[in-house]
Amino acid sequence: MTDALSTPGIHHVTAIASDPTENHAFYTDVLGLRLVKRSVNQDDVGVYHLFYADHAGNPGTSMTFFPYTGTRAGQPGAGQASTVSFTVPASAIDYWVDRLAEHGVDTRRVERFGDSVVAFTDPDGLPLELVGREDAPAGDPPAGPVPTAHAIRGFFGVELALPDPGPTVRLLEAMGYEEAGTEPARGVAGATVGDADGTSRRRFETTGDLGFVVDVVTGSGLPQGVPGAGTVHHVAYRVTDAEQAAWRDLLGDHGLRPSEVIDRKWFRSVYARTHGGVLFEFATKEPGYDVDEPLDELGERLVLPEWLEDRREEIEAGLPALGESV
Ligand code: ZN
C-alpha cells in the first residue's frame, strides 16, 4: 500500500561546485551556514562531500556539494532542479540585500506568490533564492556571522525546470505535494531559469515547515540543462526507515527504477531518476550527522564511513586544501 505516503519536504540538496575553498567561504562566511560534515564523495573519494546546514544539521537544512576542482561550469536548465531556495524571516530581506551587496554578490528582488524573494547565484553560478516568510520557523540557526534574527532557517524549496512536467507532477502528488497556485511567465530577460521569458510556474506544497515547496517551471523559454559546476546533482526528500520499502514500490509504480536502500552513514537512501531527468533521493532522518562526531565539533575534521577508514591516508593525500576559514 503506497497511497498513504507523504514526505514533509526536502531532506538535503546536493550540487556540483568547482573550487572547494571558494564554495566553503561562500556558504559559511557569506550565507552563514555551518559546515556540519566534511567527508568525501562515497562514489568518487578524490572529491570532497561538504555539508552546510543549521547548527545541528537538521533534515531540511543541509545544502551539500561535490566540489570538483577545475571542473567546467554547467548550465542550469531543463531536466534539472534549476534553483534552490532558503527560508529567511520576512523582516530579514533588506538585511540580506545589503549583506550580499557588501560581499560583491549581485541580487535581484522578485515577488513570488506574495513573498519577497532575493535571487542571486553562488560563486559557480548556482541559482539561489532567499524567500522572506512571516511564518519562518525559529529553527536552529548556527552561531556565525549572520545574526540569529536574520539567519537562514533551512530550505524553502526547489524549482524544477521541466519541459514535459506531467509524469513528475503525478509523482510529486503521490509524494504528498498538492498544487498551491500558478504564476504566469514573468518574462525577465537574462533572469535565472524560472523567470526567463516564455516560462510559467506551478507551485506544489507539502506539510513540513522547511523545504515544503516545489515549483515546477515549464515553457518554451527553458534553456537546456547541462550538468557541471553550478548545477544541482539531486534533491533528497525526508522519509522514515519504516516506509523505505513502500517508497521503492511507489517509485516502481510510477515507472521508475529505484536503487536499493543505500547506507550513506548519516542517512539511508533510495534514489530514482525521474522522467523529467531530475535525480530524486529519499533519505531518512536517522542516524543524523552527529552519529560519528560530537555536535559541537561537526565539520571540523575529515570523517569517513568505516568502510573507507582503512584508506584514510590515501584519501587525505588526494584531497585539496579547504582553506583556513573554518
Ligand atoms: Zn543525497
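1. The open sheet. Eight strands form an open sheet in the order β6-β7-β8-β5-β9-β12-β11-β10, and the pairing is mixed. Strands here are DSSP E runs of at least two residues, helices are H or I runs of at least four residues, and both are numbered from the N terminus. Two strands pair if DSSP finds at least two bridges between them. The edges are β6 (108-112) and β10 (178-183), each pairing on one side only. Neighbouring strands of this sheet are turned by 25° against each other on average, with direction ignored. Axes are lines fitted to C-alpha atoms, for helices over the stretch in contact, and angles run from 0 to 180 degrees between N-to-C directions.

2. Basis of the model. This is a predicted model: local features need pLDDT of at least 70, side-chain atom pairs count only at pLDDT 80 or more, and totals for chains, interfaces and linings use all residues. Residues are numbered from 1 along each chain as its sequence is written, and side-chain values use heavy atoms, with hydrogens and water left out.

3. Strand β10 runs antiparallel to β11 (residues 199-205), and five bridges join them. T182 stands opposite R202 in β11.

4. The zinc site. The zinc ion has three protein donors: H12 (NE2), H234 (NE2) and E281 (OE), lying 2.0 Å from it. Donors are N, O and S atoms within 2.8 Å of the metal (3.2 Å for Na, K and Ca); water is not among the atoms, so sites may look incomplete. Along the chain the donors follow the spacing H-x221-H-x46-E. H12 in strand β1 (residues 10-17) and E281 in strand β16 (residues 279-287) are 269 residues apart, so the pair links distant parts of the chain. Both H12 and E281 are buried. Buried means under 20% relative accessible area, exposed over 50%, and partly exposed in between (1.4 Å probe, protein chains only).

5. Strands around the site. Strand β13 (residues 232-239) is mostly covered, with seven of its eight residues buried. β13 pairs with β1 in the antiparallel sense over five bridges. It also pairs with β16, in the parallel sense, over five bridges. A236 in β13 stands opposite H12. A236 also stands opposite E281 in β16.

6. Helix α1. T28 sits in helix α1 (residues 20-30). Its relative accessible area is 9%, so T28 is buried. The T28 side chain reaches the backbone oxygen of H24 at 2.6 Å. A polar contact is a pair of N or O atoms within 3.5 Å; within protein, one must be able to donate a hydrogen and the other to accept it, and residues adjacent in sequence count only if both atoms are side-chain atoms. The buried residues of α1 are P20, N23, H24, F26, Y27, T28 and V30. Just after α1, G32 takes a positive phi of about 80°.

7. The nonpolar cores. The largest nonpolar core has 68 residues, of which Y27, L31, M63 and Y237 touch the most other members. Such a core is a set of buried Ala, Val, Leu, Ile, Met, Phe, Trp, Tyr and Cys residues joined through side-chain atoms within 4.5 Å. Apart from it lies another core of 10 residues, including F51 and W266. L31 touches F26, W96, L100, F120, L128, V146 and I152, not counting residues up to four places away in sequence. Contact means heavy atoms within 4.5 Å.

8. L251. This residue is found in helix α4 (residues 244-253). L251 counts as buried because its relative accessibility is 0%. Leaving out residues up to four places away in sequence, L251 touches L171, L256, P258, V270, A272 and F282.
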